[in-house]
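Hello,

Here is the structure I promised to pass on to you. Have a look at it first, and then read my notes below.

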Amino acid sequence: MHNTPEPCEATLAQVDMLVSAMVDEVLTEQQQAQLAELLESDAGARVRYIEGVQLHADLIQHFKDLGAAGAGQASPILTALQTSGVPLAGEGFAGGGVALPPGSGIDQAD
């Protein structure tokens, strides 16, 4: 049994950011080299990479299936959010649609 150290949260967050850039097709050459180095040197980073890529693939498949099955139907999630009174992206939030938690001390007024 191999006893590998737990990856630090900063490393996992870095892998998440790099995988996100990769699947969004905006990964720079420098970021690609950084990701390759992390994957070569850290088993936890490799696991996180596989999880991130698998999540991306699963989401593509889910929404492809949802689109085929419910073409022309509204998303139940978006419908629930729209009827809940919760502002959605771009509806009065500071920072281009980012919701800030109540009590954060940051004024969201325009």
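In which helix is Leu55 found? Leu55 belongs to helix H3, which covers residues 43–69. Before going further, please keep in mind that this is a predicted model.

Leu55 is also part of a nonpolar patch on the surface, together with Leu59 and Phe63. The accessible area of these three residues together is about 300 Å².

Next, helix H1. The buried residues of H1 are Thr11, Leu12, Val15, Leu18, Val19 and Ala21.

Some of these names come back in the largest nonpolar core, which has seven residues: Val15, Leu18, Val19, Leu35, Leu38, Leu39 and Ala45. H1 and helix H2 (29–41) are the elements that give two or more residues to this core.

Finally, have a look at Glu25, which follows H1 and sits in the loop between H1 and H2. Glu25 is not a glycine, yet its phi is positive, at about 60°. Is Glu25 buried or exposed? Its relative accessibility is 72%, so Glu25 counts as exposed, the cut-off being over 50%.

Enjoy exploring, and write back with any questions.

Best wishes

Methods: Residues are numbered from 1 along each chain as its sequence is written. This is a predicted model: local features need pLDDT of at least 70, side-chain atom pairs count only at pLDDT 80 or more; totals for chains, interfaces and linings use all residues. Side-chain values use heavy atoms; hydrogens and water are left out. Buried means under 20% relative accessible area, exposed over 50%, partly exposed in between (1.4 Å probe, protein chains only). Helices (H or I, at least four residues) and strands (E, at least two) are DSSP runs, numbered from the N terminus. Patches are made of residues with over 30% relative accessible area and no salt bridge: like charges are joined within 9 Å, nonpolar side chains (Val, Leu, Ile, Met, Phe, Trp, Tyr) within 5 Å. Accessible areas come from the Shrake-Rupley method with a 1.4 Å probe; for residues, only the protein chains shown count as cover. A salt bridge is a side-chain nitrogen of Lys or Arg within 4 Å of a carboxyl oxygen of Asp or Glu. A nonpolar core is a set of buried Ala, Val, Leu, Ile, Met, Phe, Trp, Tyr and Cys residues joined through side-chain atoms within 4.5 Å.
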